[in-house]
Amino acid sequence: MKKGTAPPSRRAEIQHLHQSHASGQTVLPACALLRFLHEKQMELTANEETAESLIDRYEIEETARDNRSMTFEGFLRFMESKDCCVFDQAHTSVYQPMDRPLSNYFISTSHNTYLTGDQIVGKSHLYAYACALRKGCRCLEIDCWDGPDMEPIVYHGYTLTTKILFKDVITTVKQHAFEVSAYPVILSLENHCSEEQQEVMAMYLISILGEKLLRTPLDHPTAEALPSPNDLKYKILIKNKKLRAHIETEGASGTEAEESVDEDEDEEDDNEEEEEGHQTKTKFWTTRKAGSPMKKKKVAEAEALSDLVIYTRSVKFHSFSHSKDNQNYCENTSMAEKKARKLAKASGADFVQHNQTFLSRIYPAGSRTSSSNYNPQEFWNVGSQLVALNFQSLGLAMDLNDGRFQDNGGCGYVLKPSVLMSSQRSFDPRCSQHRLKPIQLLLKVISGSNLPSSRSGKPLDSFVRVETHGIASDSRRKNTNSVKNNSLTPRWDTDINFSISVPELCLIRFCVREQTGLLSSEFVGQYTLPFTSLKKGYRWVPLRSRDGCSLDPASLFVFVWYS
């Protein structure tokens, strides 16, 4: 928010708050400001020193400052500052423990990261990798194919998507990997290259990434658990299949006898999606020219590339019981959304338990040729860490992803809530009764200010839709009434109530929409945040455009309460 630029209605609302706590005076003494912080803003740890520091920060009138009090203009600046944002400012920095195993975190993950458009004729671009990393993404996908002159290329195979060089992708990753986060980057390789070109890939990974590439296990590994984000700071990990090795002692420095992978045992669990995607691509090509269907060929793993896989070895998913008995903590599985959805529906508690130890990656179905996304919340609900989305596709799914990962300083790692990590109590997100007394959330949507005009240039007929995204029983949406012909100062004054049984998993989304017909509306702006980052009291909500950019000074003014 730009300080001191509130429209008349917002000024009136804030002036009423100032007057009601000033007890007839024209200024707000420090003790009255403290009472406001306690009673309205629920800043229960605030003390007189807190109130005086706010006066020093926001009051510019010298007499008021000297008297340790706040004029209305100072109070207005305070109410429009980040101190009164709906998002807890303590969460704009890394505040969660970062010394737990990687499996304990949600990790921001991109699908087919190289694409800037659809999956069939879209352009591949290095910028897509830089953009994802700048958004805090920590797991990138690279589809690798044999290229001319022994130069591996990256593109969506058997399609008309454009091609970029593997070495250029790795150079781009090196340049941007740790711009916004110090925590590890995982490169998820979808490897279709010959052994010869895999050796070239390994050479580029080593020579370009240098010390950033994790090439050996850590000196002090945690017994039978993945290392932590802190352990792996400024490191890049390779996720790929790995040749099986006979090792006498786990982590011992002895000779390893490499052998070929058994196709049935070590095939990534991409069969369902790959088959679906393969059929889609075959259909695409057979409509363009006659010919025999494409045949998939088995890829043999090159030892040089296999050696670079340390803590993120891709293996086939068989069943939760099979994983429990056979899967190593350094092994991860990958599955398409449809299979993951079936498992979550049939064995939600087992899925949650599986994800307490092992990394699991979920990705969009191969039939999503337009690069559309599924709702990531359904897989966060079972504790899947690597919920991969098409970052280039705007809309609800990416809004939720951005909301989830703006938490914890936007570092790309968010600690999973204890409900997903308990070894004493099983959790199934499909069961609606999770706590004896659900949280009651009240959101009073008071007003908006400086909303963008409609496409026609006319003032908006706008309403606010508030959505909760969590387990199925906690996922709801409710609307305010519509205010006509007012983009500058729409006032809704609407109370919206939600009952939330698992608030730790819940996201809150504020969406401003333009009423375009009796049953139709269009997106104007939105803001999404975790319930756990929601501040109580009178707060302003910054609005973002469809592509996630700030629409400042557009905002909402709300009152938040929950118990």
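A contact is defined as heavy atoms within 4.5 Å. Among contacts in the chain between residues at least 6 apart in sequence, 71% link residues at least 24 apart. This is a predicted model, in which local features need pLDDT of at least 70 and side-chain atom pairs count only at pLDDT 80 or more, while totals for chains, interfaces and linings use all residues. Residues are numbered from 1 along each chain as its sequence is written, and side-chain values use heavy atoms, with hydrogens and water left out.

**Overall composition**
- The chain contains 16 helices and 24 strands; these are DSSP runs numbered from the N terminus (helices H or I, at least four residues; strands E, at least two).
- Of the 563 residues in the chain, 56% are buried, that is, under 20% relative accessible area with a 1.4 Å probe, protein chains only.

**Strand 14 and its partners**
- Strand 14 (residues 360-363) is covered on both faces, with Ser360 and Ile362 buried on one side and Arg361 and Tyr363 buried on the other.
- Strand 13 (residues 331-336) runs parallel to strand 14 and is joined to it by four bridges; pairing requires at least two bridges found by DSSP.
- Ile362 in strand 14 is the bridge partner of Met335.
- Strand 15 (residues 386-389) pairs with strand 14 in the parallel sense over two bridges, and Leu386 in strand 15 is the bridge partner of Arg361.

**Cysteines**
- The structure holds zero disulfides (pairs of cysteine sulfur atoms within 2.5 Å).
- The sulfur of Cys193 has its closest cysteine sulfur in Cys144, at 5.5 Å, which is too far for a bond.
- Cys193 is buried at a relative accessible area of 2%, and Cys330 is buried at 9%.

Conventions
Buried < 20%, exposed > 50% of the residue type's maximum accessible area, 1.4 Å probe, protein only.
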